[in-house]
Every structure is written in C-alpha cells, then in structure tokens.
Amino acid sequence: MRPEWNSRLLIGEPWSDYGLIDSGNGRKLERYGRFRFIRPEPQAMWAPATEDWRADGEFIPGSDEDGGGRWYYDKPVPAEGWPLHWKEVTFQSSCTPFRHLGFFPDMAPVWDFMRASTADKPEAEVMNLFGYTGVGTLGMSAAGARMVHVDASKKSVAQARANADLSGMGDRPIRWIVEDAAKFVAREVRRGRRYDGILLDPPKYGRGPDGEVWRLEEDLPGLIANCRQLLDADSRFLFLTVYAVRMSALAIGELLRQAFADLPGEVEAGELTVREEARGLLLPTAIWARWKR
C-alpha cells in the first residue's frame, strides 16, 4: 500500500532557555538564556512588533553571497559559550562564525516527534545523520534510545560529546561517528543493519573528512534510498529537514512517498516554523518531510 501524503506545519514554541522575541524588516530578535541576539532573517518580510530591540550582540552579514559576516557586541558575551537546557539535555551555546549559536532551536518539535514515536519501544535504535552538536541525539538518548550520531566534522562531534558530559550522559549507549554521512549509511546497508528511526538534517553543500563532496540536490535521493534499506515495517520514522535551498516541501515529500511506497505508514511534509513571542505569528525556517508508522 502506498503511503498517504499530507501537508502540515510544525511549530516550535518558546521554552525557558529560548524564544523568538520579535521579527521583521529582515531580522529577528531571540533570547538564548540570559542573552539576546539579533540575526538576519530574510523570511521576516513584515514589520516588527516594536523598533526597540535591545540586544547583547548582532550578526551583520557580509556583502557577498557566500554567507559571510561577523558578530558585533554591545555587551560582554562569553567567547567560550554558556550552558542552555532543553528538557533533560544541557548543552553549550556560543556565537559561531556561521551566524547561528551552536544548535538549531526550531528543531525542538522534531525532537519531540522522535521521542513520541519511540516512547513505547525501550532502547530503540536511532541514527542521527549530520548530527552537529548533538542536542537531538541527547534528547533521544535521554528518552531511552540507543543512538548512532554521525557528522563529518570532528569539531562538531567533539562538541556533541562535551554536551553529553554536561548532560550527565557520557556513559549512555551512543556511537559517535566522524565520517561522511553517505559513506557511513552505504556501509551500514552492506552490513545488513536496521534502525527504528533516522533523522537527516543535511546541509546544502559540505565536505567529508576525506574530501568527499556533498551536494544536496544531487546526493539526497541516493542517501534516502539507502536509508530506506535500513528501515523495515517495524521501524517508526524517517525525518528529513532541508534549509536554505530552492526546493519545496512538495518535492521532498514526493521523494519520500516513492521511497517508502512498499511500507505501511504515512508520509507528511510541510514547513518548520517558530512562534514569535511578541504576536504569536509563525516564522518559517525550513521545509521537512517524514515517513512514520
């Protein structure tokens, strides 16, 4: 039976250590613990709720199209970062040269979905591809999953392991893998491995530790096909998020619908959003698609 296809929004709500305070005129004002920051946001085409934005720092983009720019600070901000919390997870946030702050808060509803999907299956086997600094990995581990965390960046995996120690999860069953995601998944297929769930948060472009080149539009279909071989009728989900590309939720939804046509379940796709605290409006941040049982 071919999975059904539905479209919907996933909404990231504010929590104690993060909130989208206001947005507009191509920028957004956010709180990260005790600090406030302003960052560029092209999707915020509307007017802000107020012009009085008091922040500790702001990221000013460069004039090129390659995502350059730098941080400017009005108040002291610790260069080494500061701890934040999401549920049971403690992690280090910091102002990175790439304009974000060491994690992606709009992924919180995705982490909640994964935890709910495996809540009735102790020690579910879950893989986090392009796992970055590990907040999602640790959120799943705290819920009892056995995790495989994969990222091509040695620095990112080191930070993820440090976040595990901060969270008191240094001894949890987590495999920390520094490797090109596509190569690792292909090897897992050859090994005959299976998983209960897979999260993919791929970049538009990237390089693996051995010089492998990742181009989203070219390489995503093959990676999805291999991930499908790691899942079966007893698996619970595959969740894909896509940022900053000229691609629609309809396109990646159809990619998953075809890949999972032979499994029971449902395919959904839509937009990832964050709710603004000032007015409750929704700021779109990414597109997503998922197969779920």
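**View 1. Helix H6 and its two sides.** On one side of helix H6, Leu250 and Gln258 are exposed, where exposed means over 50% relative accessible area, buried means under 20%, and partly exposed falls in between (1.4 Å probe, protein chains only). Helices are DSSP runs of H or I with at least four residues, strands are E runs of at least two, and both are numbered from the N terminus. H6 takes in residues 249-259, and its buried residues are Ala249, Ile252, Gly253, Leu256 and Arg257. They sit on the same side of H6 because they cover an arc of only 145 degrees around the axis; that arc is taken from the directions from the helix axis to the C-beta atoms. As a reminder, an α-helix has 3.6 residues a turn, so residues three or four places apart point the same way.

A quick note on the model: it is predicted, with local features needing pLDDT of at least 70 and side-chain atom pairs counting only at pLDDT 80 or more, while totals for chains, interfaces and linings use all residues. Residues are numbered from 1 along each chain as its sequence is written, and side-chain values use heavy atoms, leaving out hydrogens and water.

**View 2. Strand E4 and its partners.** Five of the six residues in E4 are buried. E3 (residues 27-32) runs antiparallel to E4, and six bridges join them. Tyr32 stands opposite Phe35 in E4. The two strands make a hairpin with two residues between them, and Gly33 in the turn has a positive phi of about 65 degrees. E4 (residues 35-40) also pairs with E5 (residues 57-61), this time in the parallel sense over two bridges. Ile38 has Glu58 in E5 as its bridge partner, and Phe37 has Gly57.

**View 3. Asp196 in its loop.** Look between helix H4 (181-191) and strand E12 (197-200) to find Asp196. Asp196 counts as buried because its relative accessibility is 3%. Its side chain makes a polar contact of 2.5 Å with that of Lys121.

Definitions and conventions
Pairing = 2+ DSSP bridges. Polar contact = N/O pair within 3.5 Å; in protein donor to acceptor, adjacent residues only side chain to side chain.
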